[in-house]
Amino acid sequence: MKRAPSFMDLKDLIAVGLLAIILIVVFPALLDGFRLNLVAKYLTYAFVAVGLVLCWGLGGILSLGQGVFFALGGYGMAMYLKLEASSVENTKIQSTPGIPDFMDWNQITELPYFWQPFHSLPLTILLIILIPALFGFVIGSAMFKRRVSGVYFAIITQALAAIATILIIGQQGYTGGVNGITDLRTLHGWDIRTDSAKFILYFVNAILLLCIVGFAMYVRDSKLGRILVAMRDKEDRVRFSGYSVANFQIFVFCLAGVFAAIGGAMFTLNVGFMSPSLVGIVPSIEMVIFTAVGGRLSILGAVYGTLAVNFAKTSLSESFPELWLLGLGGLFIAVVLVFPNGLAGIWRDYVQPHIDRALKLNSKDPTDPAANVAKQAAAASPAE
Amino acid sequence: MAGPDDQLQSRLRRQLLMGIAAAPLAGLFPKVAFADTPATSAVNTTGLAVTDTEVTVGILHSVTGTMAISETGSIQAEKLAISQINEMGGVLGRKIKFVQEDGASDWPTFAEKAKKLLVQDKVAAIMGCWTSASRKAVLPVIEQYNGMLYYPTFYEGLEQSKNVIYTGQEATQQILAGLNWVVKEKGAKTFFFIGSDYIWPRTSNKIARKHIENFMKGTKVVGEEYFPLGHTQFNSVINKLKLTKPDVIFTDVVGGSNVAFYKQLKAAGINLEKQTLMTISVTEDEIDGIGGDNIAGAYACMKYFQSLDNPNNKEFVAAFKKMWGEKTVIGDVTQAAYLGPWLWKMTVEKAGSFDIDKIAAASPGIEFTKAPEGYVKIHENHHLWSRTRVGLAQKDGQFKVVYESPDLIEPNPFPKGYQ
Amino acid sequence: MFGDYSLGDLGSIFAMQGFAGLILFSVYVLMALGLAIIFGQMGVINMAHGEFMILGAYVTYFCSEFFSAYLPSLFPGYFFVAMALAFLASGSLGMLVEWALIKRLYKRPLDTLLATWGLSLILQQTYRSVFGPREVGVVLPDWLLGSLPVTDTIEVPINGVFVMCLTALITIAVGLLMYKARWGRQVRAVVQNRVMAGAVGIDTERVDRMTFGLGCGIAGVAGSAFTMIGSTGPTSGQLYIVDTFLIVVFGGAASLFGTIASAFSISQTQSTLEFFLSGSMAKVITLLTVVAILMLRPQGLFTLKVRR
């Protein structure tokens, strides 16, 4: 690379600003409460997609187990909310008041030890970040230190997603089983079910996502990000240059996991329950698809990709549920065969040149550094 | 080959045409058409989707995903009921229009679609959900936006809501009569439970176990096993059956696992003519996939069988087959789904209003004498009084009813002594 | 739990349990063999493997309907016709897919995963639209049902024996094809060095297409055989996919022997655990063990040196 990209150059700033305007001004102005809440749900998936851009797009590590991380965050938050909803007064018809209803149905008479920390909100938030990081570290160090990569890593993470689902459904006394953890009411005394709460939560969600996007861009443009790309393309050369490849891989895998967990926690808050149907193989692959549609190398593309796929899913499945599955399947194939760089690639190849040309008429500096970076990225082939 | 969807399309089109053809006729008889059509402002004070000529309800089931296998029958039954009600003149003089949404076998999607139906479409009632998980996901939405859900599946109980009418049986209603029968008729002493691993089988088996251990003399449970949803290998548990030799195998395995279980049971030489097996999860719908040969001789315990011999049911089965094809079968849940629109219609007419609160209040005591299963009545707790029957599976995929509870059984979603 | 039983009882139960393990082993090998060829030899991750199996199952269903309606006298033998047709149907669909899709993705193995996942969604929806959302019941000829009593207490399910024989037959055929026949040498040559293989005159594209077709065809036969033990519906294929991949990966890609060994160890672990624990826990423990071992030995049980 001729010139190292600096963090948040003008172009990034404009792009992030545009996203911020769309999320914070345009959507709330145009959409009613119901649709806005839907967007909030989609945005929680975007956390995962942004993490996947770092991990898969830049690092070349395809994880098919992001649903597990999403679950760690989502269930963490749900456990806190459920405990708050299961106060002794609310649950006095149970044989053991004060514990979640599904535990009572499963003859559990005492709150299990691993639920105890979730009585406290600060501790819950801490755990939502720490547990996925730790889990990512354990999985990552076991695999990357042994140089498991590519297809093997994908399939092993997929198995993890399958195991997590079976475990959650099987241990229903502790997890709520296939129903998930439902009937969540208040967050630290604040009713999250009302329309005004949903409205506020949307903004919290959007701003948090923008922070994550900014952080991801920081990582991408730091030296770390460049080492990741180098690793993806020629792992051995990076290793021979004296870098510990495994450590970088572990770090980015953990980071993607933490992003996913934050998304999961926000999902629980916005949707009002957490369920094992967001953990398994299918949702985990869908999240990869969001990233792929957006363009696996583009952080902002991941957000737009998530929104686009989900808008399509909701509107198509409202009118043509059969068509939707065919469309989704076709989309996967099209993204892989025709647009390997997704929406971001389409934007860069077909839209951006026009904008650049229009700008060039006014601009005196024809060698805009940002355009160079974009060109370089365009030249880089997609992962593997 | 015309798929069922094509048939559906053409049928819908035909109904639509019939509806258009009927409209001028209605104009010829203004008295008949408008005599019982009260003003919209009077019957709809909360802004539901009710006009002078139409009322909108929602149908919310899985059309795609793994649950589509089971939920298809419910959708068909609900559409049949709606078209029949419309042919009779609709509800309070208004034709029922339905908005169908796909829950896609995914619980958050169910919640999303339920909210859409209530907030955007302002439906007057929702016929829908199948699994407990989907109902649990939808329930807070229905309660928050004050909707009305007619839920058709037999389920584990432990729930009661002002906003839900449970048209299927809760667990005690379904199971206890069957257990009593099998102990009395077959002299059963030992039971082995096999279920899919989620809340309904576990709760049902818990209730069955309590009943066996606490309320019946000299009977005991010799084994209890659960398998993940979708499990297809049952040879190990079949060996355990051979080891423990229970008098009764009591099963609540669901979905594709069912097919694997019964096929492997038969292959392992366990002859259901000799070995008593009682299931609470296999209806005529499931037998379609299992194959009548593989399950003949098993007993099923539920409230409805397609073979029930009464005039209501004959009429219902004929109408169902006329609409959906000669080869379709009707299971317990399908019949319960058929009750939903009818119960709603009668409740609306009793309340004289589409308002949810008035319907919720008017529901207890509603009787449906034309129900295919016989006579049903809504209880204070929004479940149905109903009879429980035991059917013996035949080779042709139908059940022969061998026992029917003499009285209507009271629904008891929070059974004392069974928790 | 064994206190109440006689030694003879226990002996026969253990014999039958061992047999149950063998049946599971055969089922796993049959499931994984097609994938082992595709994934092991070509490096393609075929997420639509389950859907190719279900295609075979639907073919079997139609054969059973056809024979019972038009050729009832030949009904007892229809299963063999069905398996042959299932092989052809899934195999030709596989070759079509290879030609239209997979061919373009050999340099991007992770992308084959996404594309074939898309393909699996399309196939599922196609099955649902064409065959209806409900499961179909495949009627089996009488001789495939029931069991052979060996002693008073030991009974051997006939369809289990049938699956075992079928698996053995197909495995031997594939083994001969891959290691003795000219075609197998070509496949292995392409796997080891595509450019050199092309240089010595092997039509690599044709070899790829035939290999993919063979793998899918075997999946079709597996699906056809599984109508004896499992369900046939639009989404039934998904039930098999995780197990199948784990078996192939655990065995070490590119090694047919590894696939067989891994199917053996996984099936024995699972059926033993199932006997002592509940079904759910047995499954979780088996999967966890497999993943744990894979973390310690990521290349799988047996590996061949292949081009990277």
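Figure 1. Chain A is made up of 16 helices and two strands, where helices (H or I, at least four residues) and strands (E, at least two) are DSSP runs numbered from the N terminus. The radius of gyration of chain A, taken over C-alpha atoms, is 22 Å, close to the 21 Å from the globule rule for 384 residues, so chain A is as compact as a globular protein of that length; the globule rule is 2.2 Å times the number of residues to the power 0.38. The C-alpha trace of chain A spans about 75 × 50 × 40 Å along its principal axes. Of its 384 residues, 49% count as buried, a residue being buried if 20 or more other C-beta atoms lie within 10 Å of its own, exposed if 12 or fewer, and partly exposed in between, with C-beta atoms placed from the backbone. This is a predicted model, in which local features need pLDDT of at least 70 and side-chain atom pairs count only at pLDDT 80 or more, while totals for chains, interfaces and linings use all residues. Residues are numbered from 1 along each chain as its sequence is written, and chains are lettered from A and ligands numbered from 1 in the order in which they are written.

**Figure 2. The largest nonpolar core, with 335 residues.** A nonpolar core is a set of buried Ala, Val, Leu, Ile, Met, Phe, Trp, Tyr and Cys residues joined through C-beta atoms within 7 Å, and in this one A:Ala49, A:Val50 and A:Val53 touch the most other members. Helix H1 (residues 7-42) of chain C supplies the largest share of this core, 20 residues. Beyond four places in sequence, A:Val53 touches residues including A:Leu58, A:Ala216, A:Leu297 and A:Ile299, two residues being in contact if their C-beta atoms, placed from the backbone, lie within 7 Å.

**Figure 3. The side of chain B that touches chain C.** Here 37 residues of chain B are in contact with 40 residues of chain C. Among the elements that give two or more residues to this side of chain B are helix H1 (4-28), helix H4 (68-87) and strand E7 (220-227) of chain B. The residues on this side divide into 13 nonpolar, 16 polar and eight charged, where Ala, Val, Leu, Ile, Met, Phe, Trp, Tyr, Cys and Pro count as nonpolar, Asp, Glu, Lys and Arg as charged, and the others, Gly among them, as polar.

**Figure 4. The two domains of chain B.** Chain B is assigned domain 1 (36-168 + 309-385) and domain 2 (171-302 + 388-404), with bounds that come from an automatic or database domain assignment. Their centres, taken over C-alpha atoms, are separated by 30 Å, and 15 residues of domain 1 are in contact with 14 residues of domain 2.

**Figure 5. The surroundings of B:Pro413.** B:Pro413 lies in the segment after strand E15 (399-404) of chain B and is partly exposed, with 19 other C-beta atoms within 10 Å. Although B:Pro413 and B:Glu156 are 257 residues apart in sequence, they are 7.9 Å apart in space, C-alpha to C-alpha. Leaving aside neighbours within four places in sequence, the contacts of B:Pro413 include B:Gly157, B:Leu158, B:Asn381 and B:His383.
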